[in-house]
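Please have the structure open as I speak.

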Amino acid sequence: MKNHELAFLCAAFSLSVSAQSADSSRIFLAKALEERMNGRFAPAFTYLQTAIKYDSSNLDALRYLGLTAVELRRYDNAKLAFQKLYASKPDDTAAIRNLANLNLYTHKWEDAIRFAQLMLRKKMGGDINFIIGKSYYELENYGEGLEYLNAAFAENPKDARIPYMIARAYVDMSNYRFAARYYQKALAIDTTNARWFYEMAMVYAAIPDDKTAVSYYELAAEKGYKIDNDYLENLSVSCVLSGQPEKGIELMLKVLEKKPADLELLYNLAEAYYKTGKYQQAINYWDKILYYDKQNAKALYMIGMAYQKKGESSKGQLLCDKAIEMDPSLANLKQKKMDMGL
């Protein structure tokens, strides 16, 4: 047989096999679509994989494979299918939209932005502003993030996640008053999120507005927030600062039973007693700090202040002077206390 005749036969055979593969691919695609219509996504997924094995250029099979993988929450499979579809057909709207969302789900923030911006250019609609805003937020680019998140909130004013995210951005920028404003918007939509109420309390404590902080701490507990040591400590400090020192001291003592060597807690408790005029109790707790940390000049200084408040001025002044020798910066604290009449 001549070479050109052999080549012709091989080409014809190849075309025949290719046609058969394409036919098989279409058959399995049809089976997959039937399974999808009946809500059976797992067998549909298997049929679609088979369809693509027979014909990797079957773009409809690729598209439905991606969509079915999303239904099954098999996001890696979905992403791979849509990436292949996008590579073959860059204007495929299903590929673009799903790659924007899938990159968001899988925390590929820059890729999520890229595909969402492509959605924007193509005027495809959808949660474009949210995808871009959240991605910029996660990248800690709050300037860009806030612009898109505010636009997203205008589009979806009942989505509590958006004002919450805006609030968190302002917290990260230490802008607590603006953070409180958006926490309020989030909590007006979702009145059940105990953790958000707790975070709102901490924001008000940071403003500072401890009276309001106490009310939000208590609301968080009513909504089911776990009453752990951190909760009790934060609430107790706000109680003391908001004019409820007895309640704050009671809470601190409860925590101290579980954390007897916590220096910060001991200091807060001593300071609470000092503010209520119970100077000996304050001295006792600052003494405990010195037991654990003999170089704690601030605790020693405050013991000196407490002795002066008790009327033992000479003893107290000597202790304050010794503390300032240990830490000269305490001279500023001395001046501050004098200015405040303490």
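Predicted model: local features only at pLDDT ≥ 70, side-chain atom pairs only at ≥ 80, totals over all residues.

Residues are numbered from 1 along each chain as its sequence is written, and side-chain values use heavy atoms, with hydrogens and water left out.

Let me start inside. In soluble globular proteins, nonpolar side chains tend to be buried together. By a nonpolar core I mean a set of buried Ala, Val, Leu, Ile, Met, Phe, Trp, Tyr and Cys residues joined through side-chain atoms within 4.5 Å, where buried is under 20% relative accessible area, exposed is over 50%, and partly exposed lies in between, with a 1.4 Å probe and protein chains only. The largest such core here has 109 residues, and those with the most contacts inside it are Tyr274, Trp286 and Tyr301. Its largest share, 9 residues, comes from helix α17, residues 297-309; helices are DSSP runs of H or I with at least four residues, numbered from the N terminus.

Turning to the surface, Leu263, Tyr291 and Tyr292 form a nonpolar patch with about 340 Å² of accessible area together. Such a patch joins nonpolar side chains (Val, Leu, Ile, Met, Phe, Trp, Tyr) within 5 Å, from residues with over 30% relative accessible area and no salt bridge, and the areas come from the Shrake-Rupley method with a 1.4 Å probe, only the protein chains shown counting as cover for residues. Tyrosine 292 lies in helix α16, residues 279-292, and at 43% relative accessibility it counts as partly exposed.

Finally, the charges. How many salt bridges does a search of the whole structure find? It finds 13, a salt bridge being a side-chain nitrogen of Lys or Arg within 4 Å of a carboxyl oxygen of Asp or Glu. Asp60, Arg63 and Asp92 are linked in a network of them. Arginine 63 pairs with aspartate 60 at 2.7 Å between the closest N and O atoms, both residues lying in helix α3 (59-71), 3 residues apart. Arginine 63 also pairs with aspartate 92, at 2.5 Å; aspartate 92 sits in the loop between α4 (75-88) and α5 (93-105), so this pair ties together parts that are 29 residues apart in sequence. Arginine 63 and aspartate 92 are both buried, whereas aspartate 60 is partly exposed, at 39%.

Conventions
Helix = DSSP H or I, 4+ residues; strand = E, 2+ residues; numbered from the N terminus. Patch = residues over 30% accessible without salt bridge, like charges linked within 9 Å, V, L, I, M, F, W, Y side chains within 5 Å.
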